[in-house]
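Trainee: I'd like to learn how to read side-chain features off a model. Can we walk through one together?

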Amino acid sequence: MAGREEQEKILKEGIQNAQHIGSDIFGFGEAFHRKYPSEWHKWKEDWTRKFQHLQVDVNLRYRLNRVGKITNSVDSYQNN
């Protein structure tokens with residue numbers, strides 16, 4: 001499993017690639033609309049261009065709910 005820095009790097013690169021091609025695949029526009037509804041009406045027509053220049057900070061937080069092992073692998077289902 002990759003460390004925190006590696007995961008943040010992967011996420012940042014993915015966001016930068018999406019911004020480069022102008023594709024808001026992560027839903028930043030929806031999040032912006034929820035948080036700033038009055039501003040969204042000014043930005044929505046030009047969202048693709050604004051998204052391409054948007055500064056995005058990554059703050060990685062996660063919690064494991066369960067730790068264990070898989071008792072039935074995918075391979076065991078394919079053999080039946």
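Trainee: Is Asp-46 buried, exposed or partly exposed?

Mentor: Before that, some ground rules. This is a predicted model, so local features need pLDDT of at least 70 and side-chain atom pairs count only at pLDDT 80 or more, while totals for chains, interfaces and linings use all residues. Residues are numbered from 1 along each chain as its sequence is written, and side-chain values use heavy atoms, with hydrogens and water left out. Now, buried means under 20% relative accessible area, exposed means over 50%, and partly exposed is in between (1.4 Å probe, protein chains only). Asp-46 has 29%, so it's partly exposed.

Trainee: Which residue does Asp-46 meet in a salt bridge?

Mentor: The idea is a side-chain nitrogen of Lys or Arg within 4 Å of a carboxyl oxygen of Asp or Glu. Here Asp-46 meets Arg-49, at 2.8 Å from N to O. Arg-49 is partly exposed too, at 45%.

Trainee: How many salt bridges does the structure hold?

Mentor: Two. In the Lys-42 and Glu-39 bridge, the closest N and O atoms are 3.5 Å apart. These two residues sit three apart in helix H3, so about one helical turn separates them; helices here are DSSP runs (H or I, at least four residues), numbered from the N terminus. Lys-42 is exposed at 61%, whereas Glu-39 is partly exposed at 31%.

Trainee: On to the rings. How many aromatic pairs are there?

Mentor: Rings of Phe, Tyr and Trp (its six-membered ring) pair if their centres lie within 6.5 Å; planes under 30 degrees apart count as stacked, over 60 as edge-to-face and the rest as tilted. The structure holds nine such pairs. Take Phe-32 and Trp-43: they're stacked, with 4.8 Å centre to centre and 20 degrees between the planes.

Trainee: What does that pair tie together?

Mentor: Phe-32 is in helix H2 (residues 28-35) and Trp-43 in helix H3 (residues 37-43), so the pair links parts 11 residues apart in sequence. Phe-32 is buried at 15%, but Trp-43 is partly exposed at 23%. Both belong to one aromatic cluster, which also includes Tyr-36 and Phe-51.

Trainee: What sits over the ring of Trp-43?

Mentor: A charge counts as over a ring if NZ of Lys or CZ of Arg is within 6 Å of the ring centre and within 35 degrees of the ring normal. For Trp-43, that's the charged end of Lys-50, 4.7 Å from the ring centre.
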